[in-house]
Amino acid sequence: NLDYFVYLLKKVHKKTYVLLGNSDVLASNGIDKKYYFKKIRKAVFNHPKNPNYVFKSKDCVFITMDGSKQYFQSSNGYYGNQELLWLSKELEKYKNKNVVILQHFPLMPTKSKWAETSKPEEYIALLKKYKNVRVIVSGHYGNDFETKAGGIYHIITESYSKNSAYKVIELDFSKDYIATYLVKWK
């Protein structure tokens with residue numbers, strides 16, 4: 001329910017960034033990506049207009065990646081040529097900065113093939129060209145999982161809808177420090 005989500009966003013009094021998931025847009029129902037972010041911008045002042053965007057914090061650049069489909073909902077994410085070309089340009093622009101990528105769909109495999117990201121090989125090949133990508137944070141699988149692959153720390157967060165906990169991620173690249181912990185709801 002996009003209207004209810006916008007209502008809740010208005011109650012958040014912290015800097016907020018929104019990513020698209022697999023159930024957020026469905027053009028056949030009148031909610032395409034442009035409309036979605038137009039509604040988000042009513043709740044989050046100065047939020048970027050597009051699903052792929054960059055924001056900076058201290059010594060780090062955060063890049064959000066959209067793997068959702070525009071015309072139908074799917075349990076499989078897909079990072080197409082347009083997204084990967086955009087990512088390549090951004091990684092080149094920030095090649096001397098630490099980069100954290102935020103996205104809904106993980107690149108790591110899962111036991112459930114229906115939930116895996118389609119064809120992640122091109123994305124992974126692109127990442128191998130850039131040693132400054134330090135962390136990829138994603139969700140979608142609904143479980144808490146972390147691993148390091150290709151020099152990148154992959155953090156997959158637990159499903160928020162389970163209402164059991166949320167994940168705090170601490171980063172200090174000057175000390176090569178990455179820590180996560182779950183905070184249980186009271």
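Predicted model: local features only at pLDDT ≥ 70, side-chain atom pairs only at ≥ 80, totals over all residues.

Colleague: Where does L8 lie, and how is its accessibility described?

Modeller: L8 belongs to helix α1, which covers residues 2–10. Its relative accessible area is 36%. Buried means under 20% and exposed means over 50%, with partly exposed in between, so L8 is partly exposed.

Colleague: How should I read the packing of two helices?

Modeller: Two packed helices are described by the angle between their axes and the distance between the axes. In this model, α1 packs with helix α2, residues 33–43, at an angle of about 30 degrees, and their axes are 8 Å apart. That makes α1 roughly parallel to α2, because angles under 35 degrees count as roughly parallel.

Colleague: Is the crossing of α1 and α2 left-handed or right-handed?

Modeller: The crossing of α1 and α2 is right-handed.

Colleague: Let us turn to the backbone. What should I know about the angle phi?

Modeller: Most residues other than glycine have a negative phi. Here N46 has a positive value, near 65 degrees. N46 is placed in the loop between α2 and β1, and at 52% relative accessibility it counts as exposed. D176 also has a positive phi, near 50 degrees. This residue is found in the loop between β7 (165–172) and β8 (177–184).

Colleague: The loop between α2 and β1 also holds H47. Is H47 buried or exposed?

Modeller: H47 is buried, with a relative accessible area of 1%.

Colleague: How many salt bridges does the structure hold?

Modeller: The structure holds 6 salt bridges. One of them joins the side chains of D66 and K33, at 2.5 Å from N to O.

Colleague: Are D66 and K33 buried or exposed?

Modeller: D66 is buried, with a relative accessible area of 2%. K33 counts as buried at 12% relative accessibility.

Colleague: Which residue meets D176 in a salt bridge?

Modeller: The side chain of D176 meets that of R134, at 2.4 Å from N to O. The pair links distant parts of the chain, with D176 in the loop between β7 and β8 and R134 in strand β4, residues 133–138; they are 42 residues apart. D176 is exposed, with a relative accessible area of 57%, whereas R134 is buried at 17%.

Colleague: May we take one further pair, that of K167 and E146?

Modeller: The side chains of K167 and E146 meet in a salt bridge of 2.8 Å, N to O. K167 lies in strand β7 and E146 in strand β5 (residues 145–149), so the pair ties together parts that are 21 residues apart in sequence. K167 counts as buried at 16% relative accessibility, while E146 counts as partly exposed at 27%.

How values were computed. Residues numbered from 1 in each chain as written. Heavy atoms only, no water. Helix = DSSP H or I, 4+ residues; strand = E, 2+ residues; numbered from the N terminus. Buried < 20%, exposed > 50% of the residue type's maximum accessible area, 1.4 Å probe, protein only. Axes fitted to C-alpha atoms, helices over the stretch in contact; angles between N-to-C directions. Parallel < 35°, antiparallel > 145°, perpendicular 65-115°, else oblique. Left-handed = near helix turned anticlockwise from the far one by under 90°. Salt bridge = Lys/Arg side-chain N within 4 Å of Asp/Glu carboxyl O.
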